[in-house]
Number of protein chains: 2
Amino acid sequence: MTAKRVGQFTVQFSQPPRIVGAFTLMGPREGQGPLGKYFDAIVDDYMWGEYQPEKAERKFLEHAARRALERAGVSENDVDYFIAGDLMNQIVSSTFSARSLGIPHIGVFAACATSTLGLSLAAMLVDGGFARRVLVATASHYQTAERQYRYPIELNIQRKPTNQWTATGGAAAVVAAEGEGPRISHVTVGRVMDWGVKDANHMGAAMAPAAMDTLLRHFQDTNTTPADFDLILTGDLAQHGSKLFRELVKREGHTLGGKHMDAGASLYSPEQQPGAGASGAVCSASVLLAYVLKEMAKGRYRRVLALATGCLHNALTTQQGDSCPGVCHALVLENG
Amino acid sequence: MTAKRVGQFTVQFSQPPRIVGAFTLMGPREGQGPLGKYFDAIVDDYMWGEYQPEKAERKFLEHAARRALERAGVSENDVDYFIAGDLMNQIVSSTFSARSLGIPHIGVFAACATSTLGLSLAAMLVDGGFARRVLVATASHYQTAERQYRYPIELNIQRKPTNQWTATGGAAAVVAAEGEGPRISHVTVGRVMDWGVKDANHMGAAMAPAAMDTLLRHFQDTNTTPADFDLILTGDLAQHGSKLFRELVKREGHTLGGKHMDAGASLYSPEQQPGAGASGAVCSASVLLAYVLKEMAKGRYRRVLALATGCLHNALTTQQGDSCPGVCHALVLENG
């Protein structure tokens with residue numbers, strides 16, 4: 001029964017499912033960033049005509065999901081599951097979108113690692129014969145995350161250099177057994193790691209050990225090294241977390257060099273003053289589903305290891321003195 | 001690729017995975033209720049020696065998970081995934097337990113429908129050959145839910161007749177392809193339904209349409225009627241929601257009669273003054289994994305349809321005037 005597993009922690013598909021359609025729909029700041037040209041659509045108004053940012057976040061998620069269905073050339077009825085999660089308490093952006101879409105809903109939570117967890121589950125459900133197609137989506141919004149996790153925007157709290165800027169947007173993809181698009185060849189679900197970082201303003205440090213753990217377990221299970229990949233995408237470790245991650249991985253004998261790119265460190269330019277970089281569930285989702293997929297289509301990358309990371313605190317755990325656990329879920333995308 | 005599906009929405013396993021070990025660990029009020037004798041352990045102190053109820057909730061979840069592993073006769077290393085979710089913002093009871101357990105973590109959210117969503121996913125991952133065994137767990141706590149969703153306990157707010165009492169406890173199970181225990185033969189993942197109920201103090205009404213929708217789709221997909229089951233367990237519709245549910249189902253031509261039991265309406269006696277009944281992610285989880293499994297082992301029930309329901313609002317959506325969407329995930333347990 002475990003013929004589909006390789007090593008201790010990794011699933012390897014013999015007939016890897018494909019991402020047959022994807023859509024990224026981002027806010028204006030994200031559109032102005034270095035990866036702006038890769039996104040499928042930019043909404044110029046953060047509030048998208050809504051009075052409450054939570055309603056806007058929901059709209060980003062739902063619209064990205066609907067447009068991903070269009071890109072895949074299918075309707076809601078052709079999709080068996082809608083796997084979605086987000087940063088809002090009780091993942092309401094996802095559940096309220098599921099209400100409109102009407103597709104049976106599998107709610108997931110992995111904070112900013114939602115994209116790779118969702119895609120991994122989708123690949124397993126498709127490969128296992130439990131679904132014809134699965135729609136995966138996530139979203140985040142600067143204003144909703146700030147006021148839920150930190151402070152009301154109106155307070156204009158001074159940001160720390162290690163703070164990350166929650167990206168605004170929605171990203172979605174359709175996973176299917178047949179069709180055109182890159183294949184999801186491997187999946188490594190992450191363990192929750194906690195090295196005692198108590199500073200919720202330094203999420204990169206909290207997530208770096210999880211990224212290292214999942215990367216090393218993936219290398220070990222699949223007998224691979226950085227040389228086997230054209231790109232190793234982490235997210236959202238941002239500037240400081242990425243540095244820590246590369247240092248931790250180096251101590252274990254692997255040099256990532258130019259192969260490593262971090263979604264959080266790439267979404268904004270320094271001139272946009274994002275602190276350490278970007279975060280938010282849509283950050284690694286959009287870099288994967290826009291930048292990576294499009295560069296794979298061009299042939300620049302053929303084999304990509306995507307390691308989305310999530311910081312698993314909530315506003316109360318931080319107040320109660322808990323440290324911030326991190327998680328990292330990995331998958332491999334291959335052309336062909 | 002969809003040979004494992006029957007009808008439009010349901011998965012049917014040809015070699016149904018089994019629940020090979022389960023453990024329920026409940027609070028004192030739950031222990032004193034009509035189902036108290038079915039629970040595997042009662043903790044007499046709601047706070048379990050902790051200063052904060054959130055820490056106690058975490059302990060209920062983690063201990064139930066560890067004891068379920070013991071019951072299944074396996075260790076953490078024999079389990080490939082830990083699927084867990086709870087009501088806390090960012091499901092921190094689950095993620096912090098995952099940190100201690102060290103098993104790769106799939107975080108899910110379906111509010112009080114977490115148990116059947118988690119068990120359904122576990123059954124698919126095991127049947128698909130992606131995992132040898134999967135550990136599924138959830139928990140809830142009266143005090144954490146009250147202060148997160150409603151008011152500080154200290155305010156002593158007058159409860160409404162439709163209010164439900166969040167159950168305190170943890171419940172966990174191990175799903176595997178081989179071993180002793182009832183089989184999960186079918187899975188029907190729910191759609192998010194919303195009939196416009198805006199009263200967050202009447203969750204039974206908000207969830208009843210979802211329970212009806214999933215029940216009818218299951219009946220239709222599998223060509224079954226209430227006569228094909230010894231028990232149809234819903235949860236947590238409680239008194240008023242159950243009445244609505246039976247009425248809605250009756251209008252569609254099905255009379256459930258004595259076959260129907262609701263977890264929320266069964267956990268406490270009227271003398272315990274629980275309002276409309278119990279709720280909380282552990283409510284339907286514990287009734288399923290304690291009462292139902294034990295009565296199945298005795299031979300009283302041979303075939304049970306379990307329909308856990310979840311109310312998908314958060315504290316902010318209610319304040320912002322949103323209605324409360326509901327969801328219901330179903331599975332069939334069979335002896336033999």
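Apart from neighbours within four places in sequence, A:G277 makes contact with A:Q164, A:D236, A:A238, A:Q239, A:G264, A:A265, A:L267 and A:Y268. The model is predicted. A:G277 belongs to strand 13 of chain A, which covers residues 277-279. Because 29 other C-beta atoms lie within 10 Å, A:G277 is classed as buried, the cut-off being 20 or more. One of the contacts of A:G277 is with A:A238; these two residues are 39 positions apart along the chain, and their C-alpha atoms are separated by 4.8 Å.

In chain B, B:L267 lies in the loop that connects helix 8 (263-266) with strand 13 (277-279). B:L267 has 33 C-beta neighbours inside 10 Å and therefore counts as buried. When neighbours within four places in sequence are left aside, its contacts are B:E30, B:G33, B:L35, B:A167, B:G277, B:A278, B:C283 and B:V287. B:Q158, by comparison, is 109 residues from B:L267 in sequence, with a C-alpha to C-alpha separation of 21 Å.

Chain A is assigned two domains, domain 1 (5-176) and domain 2 (183-334). Their C-alpha centres are 17 Å apart. Across the boundary, 57 residues of domain 1 of chain A are in contact with 59 residues of domain 2 of chain A. On the domain 1 side, at least two residues each come from strand 2 (10-12), strand 3 (18-26), helix 1 (28-32), helix 4 (114-127), strand 7 (133-140), helix 5 (142-149), strand 8 (164-166) and strand 9 (169-176) of chain A. The most is given by helix 4 of chain A, with eight residues. By residue class, the side of domain 1 of chain A that touches domain 2 of chain A comprises 31 nonpolar, 19 polar and seven charged residues.

Within chain A, strand 5 (residues 81-86) is mostly covered, with six of its six residues buried. Burial applies to both faces of this strand: A:Y81, A:I83 and A:G85 are on one side, and A:F82, A:A84 and A:D86 are on the other. Strand 5 of chain A pairs with strand 7 of chain A in the parallel sense over six bridges. Strand 5 of chain A also runs parallel to strand 6 (residues 105-107) of chain A, to which three bridges join it. A:I83 has a bridge partner in each of these strands, namely A:V136 in strand 7 of chain A and A:I106 in strand 6 of chain A.

Two helices of chain B were examined for length and burial. Helix 4 of chain B has 14 residues, which should span 20 Å at 1.5 Å a residue; its end C-alpha atoms are 20 Å apart, in agreement with that value. This helix is mostly covered, and 14 of its 14 residues are buried. B:G129 follows helix 4 of chain B and has a positive phi, near 85°.

Helix 7 of chain B (residues 238-251) likewise contains 14 residues, and the distance from its first C-alpha to its last is 20 Å, close to the 20 Å expected at 1.5 Å a residue. Its buried residues include B:A238, B:H240, B:G241 and B:S242; B:L244, B:F245, B:R246 and B:V249 are buried as well. Among the elements that cover the buried residues of helix 7 of chain B are strand 8 (164-166), helix 6 (203-222), strand 11 (231-235), strand 12 (260-262), helix 8 and strand 13 of chain B. Just after this helix, B:G253 adopts a positive phi of about 100°.

At the interface between the chains, 50 residues of chain B are in contact with 50 residues of chain A. Strand 5 (81-86), helix 3 (92-101), strand 6 (105-107), helix 4 (114-127) and helix 10 (315-319) of chain B each contribute at least two residues to the side of chain B that touches chain A. That side is made up of 28 nonpolar, 15 polar and seven charged residues. The same surface serves both copies, as 98% of the contact residues of chain B recur in chain A.

Notes:
Residues are numbered from 1 along each chain as its sequence is written. Chains are lettered from A and ligands numbered from 1 in the order in which they are written. This is a predicted model: local features need pLDDT of at least 70, side-chain atom pairs count only at pLDDT 80 or more; totals for chains, interfaces and linings use all residues. Two residues are in contact if their C-beta atoms, placed from the backbone, lie within 7 Å. Helices (H or I, at least four residues) and strands (E, at least two) are DSSP runs, numbered from the N terminus. Ala, Val, Leu, Ile, Met, Phe, Trp, Tyr, Cys and Pro count as nonpolar, Asp, Glu, Lys and Arg as charged, and the others, Gly among them, as polar. Domain bounds come from an automatic or database domain assignment. A residue is buried if 20 or more other C-beta atoms lie within 10 Å of its own, exposed if 12 or fewer, and partly exposed in between; C-beta atoms are placed from the backbone. The expected span of a helix is 1.5 Å times one less than its number of residues. Two strands pair if DSSP finds at least two bridges between them.
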